[in-house]
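Subject: Structure for your files

Hello,

Here is the structure for you to look over. My notes on what was found in it follow below.

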Amino acid sequence: MNSKFESNDAIEAKYSLPWAGQSTIWGFGYMANVRRSVTKGLIAASVIAAAGVGLSPATASADITPTTVVNGILSTVGGCQTPVRSLILACTSAETLTRQSPVLLDLNPVGTNIVVLGAGLFDDGTMRPMLVDRLQAALQLARQYPQSPIITSGGAPKAGVTEARAMREWLVANGVDPGRITEEGTSWSTVENALNSARILADRGATGVVVVSSANHVERAMVDFRVAVLGRIPVAGVIAAT
């Protein structure tokens, strides 16, 4: 399955997303609101950056920087939170990839989910260094935001172990409460990571999602996740060391 050749409505129906059939409707009138929304977002972001208003007291916040504020605007009112794929592509390309924690996690650490994306395991079911790097980045977020739920996303089992299971076990071994972690162990591609995770996010009423992956993968992953959630929640990204 390739989302490039299917409409959003077709993808929603195929994967039984709760809001199936609404993406075409939501596309109308969007552009009329973007300019007003960006202006409001810039004002709000200035307040956040200057005063820390609305931030969780426990985490406020070493990562409120010009980069994260601008990314935060783009991921919400700046054009990325939309069901329109062409706008998602344009907006996502304007973001600056960073290892810094997104503003979303400070504004709502409980409702914002951390999704760490898998990478191919070795034949014996152990993890490649690239995947460990992604987990290190996810672990840093998990420690900084202990209330945020975590989804490990990836199938492609080797020696009976899915990427999601291998990631979960690594996180638990490094001190993360297993009750925070949900395995999504059926995906074989980034598009499926996004669509299968979107179902989990919708079912639990998530208010946002932070996608963790490698530097050469995060932008594409954010596009796929933004398409999958159809503008219902904001999507941000964090890059691993490699």
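Helix α9 and what follows

α9 is followed by G205, a residue whose phi is positive, near 70°. This is a predicted model, in which local features need pLDDT of at least 70 and side-chain atom pairs count only at pLDDT 80 or more, while totals for chains, interfaces and linings use all residues. Residues are numbered from 1 along each chain as its sequence is written, and side-chain values use heavy atoms, with hydrogens and water left out.

Helix α9 itself covers residues 190-203. Helices here are DSSP runs (H or I, at least four residues), as are strands (E, at least two), both numbered from the N terminus. At 1.5 Å a residue, the 14 residues of α9 should span 20 Å, and the end C-alpha atoms are 20 Å apart, which agrees; the expected span is 1.5 Å times one less than the number of residues. Of the 14 residues in α9, 10 are buried, so the helix is largely enclosed by the rest of the structure. Buried means under 20% relative accessible area, exposed over 50%, and partly exposed in between (1.4 Å probe, protein chains only). Among the buried residues of α9 are T190, N193, N196 and S197, along with V191, L195, I200 and L201.

H217

T190 is also a partner of H217: their side chains make a polar contact at 2.8 Å. The term stands for a pair of N or O atoms within 3.5 Å; within protein, one must be able to donate a hydrogen and the other to accept it, and residues adjacent in sequence count only if both atoms are side-chain atoms. H217 sits in the loop between β4 (208-213) and α10 (218-229) and is buried, at 8% relative accessible area. Leaving aside neighbours within four places in sequence, H217 is in contact (heavy atoms within 4.5 Å) with L117, R134 and T190.

Salt bridges

A salt bridge is a side-chain nitrogen of Lys or Arg within 4 Å of a carboxyl oxygen of Asp or Glu. By this rule the count is 4.

One of them joins K158 to D123, with the closest N and O atoms 3.6 Å apart. K158 lies in the loop between β2 (150-153) and α8 (163-173), and D123 in the loop between β1 (112-117) and α7 (129-144), so the pair ties together parts that are 35 residues apart in sequence. K158 is partly exposed at 30% relative accessibility, whereas D123 is exposed at 64%.

E183 forms a salt bridge with R165 (2.7 Å, N to O). That pair links distant parts of the chain, with E183 in strand β3 (residues 181-184) and R165 in helix α8, 18 residues apart. E183 also forms a salt bridge with R168 (3.7 Å, N to O). R168 is in helix α8 and E183 in strand β3, so this pair ties together parts that are 15 residues apart in sequence. Through shared partners, salt bridges join R165, R168 and E183 into one network. E183 is partly exposed, at 26% relative accessible area, and R165 is partly exposed too, at 38%.

The chain overall

The chain has 10 helices and 5 strands. Of its 242 residues, 51% count as buried. Among contacts between residues at least 6 apart in sequence, 75% join residues at least 24 apart. The chain exposes about 10600 Å², with carbon and sulfur atoms supplying 57% of it; accessible areas come from the Shrake-Rupley method with a 1.4 Å probe, and for residues only the protein chains shown count as cover.

Regards
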